[in-house]
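Subject: The structure for you to look at

Hi there,

Here is the structure I promised to pass on.

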Amino acid sequence: GNQIPASEMDPVALKIQAFLPMPNLPGYYNNFYYQTLSKSLPFTQFYRVDYNISNSNRLNASGTWNPSKTTPDSTLWSPTYPISTNLSTSVNIQGQITDVWTLSATVVNEFRAAVIRQYINGSPQALGQGYPAKLGINYALADLFPQINVGGSIGSTSIGPGGSYKLGGNSYTPSDTVTIMRGKHIIKAGGQYEANQDNGGNWGDTNAATMSFSGVFTAKAPFATGSGIGYADFLTGQVDNWNAFLSPSVGLRMKAGSFFVQDDYKIRPNLTLNLGLRYQIQGGWSEVANRMGIFDPTLMNLVTNTLGAMWYAPNNGRSALQQTIYNTVLPRFGFAWSPGTSSKWSVRGGFGMYSHRWGTDVYGAPAVRNSTGFFTTGNLAETTQVNPVFLLSSTHPALDTYYRSAAARTPGA
């Protein structure tokens with residue numbers, strides 16, 4: 001009668017099923033409806049202090065502090081509360097101090113030091129609560145409720161933990177600009193130094209175990225699409241796809257510098273030219289403990305004796321992801337023109353070349369947070385639709401989880 005005997009039901013699946021809510025709508029699928037509610041408490045504080053050191057030297061400091069905390073409401077959140085929820089906190093801080101010193105009637109110096117910090121933390125409420133042991137799962141990579149995905153031809157459902165993440169970015173930027181007025185010229189020149197930090201792991205840095213069930217093992221025959229039921233595969237514990245990972249918490253660093261000179265040249269009372277040149281030095285991203293690795297097509301593979309191998313810092317005398325760039329020169333040109341000295345309107349235009357810093361989202365994630373040398377990960381997928389990759393209640397499944405040791409981090413290994 002298309003019923004699964006109780007003796008064939010997986011004990012781990014039954015324990016997981018106990019955390020799923022009962023339907024509150026009719027039908028075999030789309031039969032549960034709920035609303036969620038969370039409390040978010042953001043606010044922003046502004047600060048400013050001005051101090052006159054002397055008649056020619058003025059100091060000011062300002063900053064903002066913007067903390068936020070989001071907590072789920074246990075009375076109106078997910079029906080799987082607290083398993084699928086997390087506590088989220090964030091802090092954004094900006095501050096600067098500026099010293100403006102009038103050295104003479106024609107020379108002014110402005111020094112500024114600025115700092116920006118952003119911190120975001122998401123803590124799953126199912127973390128550290130012993131759920132793998134309670135469910136009978138001894139192959140979880142972390143003490144966290146597993147992610148269960150059920151698909152197939154009839155409906156779908158899932159249960160899993162809230163997101164886990166911890167990210168912190170800092171930027172320290174001292175700069176200095178001197179302004180000199182000489183006749184028809186207003187000349188500005190200065191420089192800036194940047195020290196950038198990107199700390200933390202991935203968005204979703206902990207996946208204890210993700211198991212998927214699609215109905216292929218309760219189908220009439222292998223590849224008999226639509227004849228199996230994913231939930232039946234789940235109840236019998238037949239996993240057709242598994243993956244897990246632990247993303248490391250890393251400390252990325254990047255330094256850069258820039259210098260500029262600009263001349264506002266008032267050729268005539270109704271015509272001013274702006275001529276400028278900016279020079280930038282872009283440093284490559286590095287990691288505080290050399291936890292960095294990526295494929296390098298120019299590196300000799302010691303196994304095959306051909307080009308193309310994994311590179312791990314600090315091998316080959318290199319500890320940064322990119323080489324430092326020293327040849328970035330950016331010209332600027334502008335003008336302001338009025339048709340007459342008493343005209344009420346003017347025409348302005350300009351041209352400039354600009355560059356952006358290398359960001360860790362594009363350059364850093366593949367080589368650091370997702371690096372095969374430091375990223376604990378594993379995955380298995382069933383392709384024949386005959387035997388599951390393992391059963392939920394297996395005590396020692398043959399899982400392909402690996403973490404490359406330091407000795408193995410050599411080109412071609």
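Which residues does serine 258 touch, not counting residues up to four places away in sequence? The list is Gly190, Gly191, Gln192, Arg278, Tyr279, Gln280 and Arg357, where a contact means heavy atoms within 4.5 Å.

Before going further, a word on where the values come from: this is a predicted model, in which local features need pLDDT of at least 70 and side-chain atom pairs count only at pLDDT 80 or more, while totals for chains, interfaces and linings use all residues. Residues are numbered from 1 along each chain as its sequence is written, and side-chain values use heavy atoms, with hydrogens and water left out.

Back to serine 258, which sits in strand β13 (residues 250-268). Strands here are DSSP runs of E with at least two residues, helices are runs of H or I with at least four, and both are numbered from the N terminus. Serine 258 is buried, at a relative accessible area of 2%. For that label, buried is under 20% relative accessible area, exposed is over 50%, and partly exposed lies in between, using a 1.4 Å probe and protein chains only. The serine 258 side chain also makes a polar contact with the side chain of arginine 278, at 2.9 Å. A polar contact is a pair of N or O atoms within 3.5 Å; within protein, one must be able to donate a hydrogen and the other to accept it, and residues adjacent in sequence count only if both atoms are side-chain atoms.

Strand β9 (residues 185-200) holds asparagine 196, which is buried with a relative accessible area of 13%. Its side chain makes a polar contact with that of glutamate 194 (3.4 Å). Leaving aside neighbours within four places in sequence, asparagine 196 is in contact with residues including Leu252, Arg253 and Trp285.

Most residues other than glycine have a negative phi, and most peptide bonds are trans. The bond from alanine 313 to proline 314, however, is cis, with omega near 0°. Proline 314 lies in the loop between β17 (307-312) and β18 (325-337). Asparagine 316 is found in the loop between β17 and β18; its phi is positive, near 60°, and it counts as exposed at 53% relative accessibility. Asparagine 290 has a positive phi of about 60°. That residue belongs to the loop between β15 (286-287) and β16 (293-300), and is partly exposed at 25%.

Finally, the chain as a whole. It has 5 helices and 22 strands, and buried residues make up 37% of its 413 residues. Its C-alpha atoms fill a box of roughly 100 × 60 × 45 Å along the principal axes. Of the contacts between residues at least 6 apart in sequence, 69% join residues at least 24 apart.

Happy browsing, and write back whenever you like.

Best wishes
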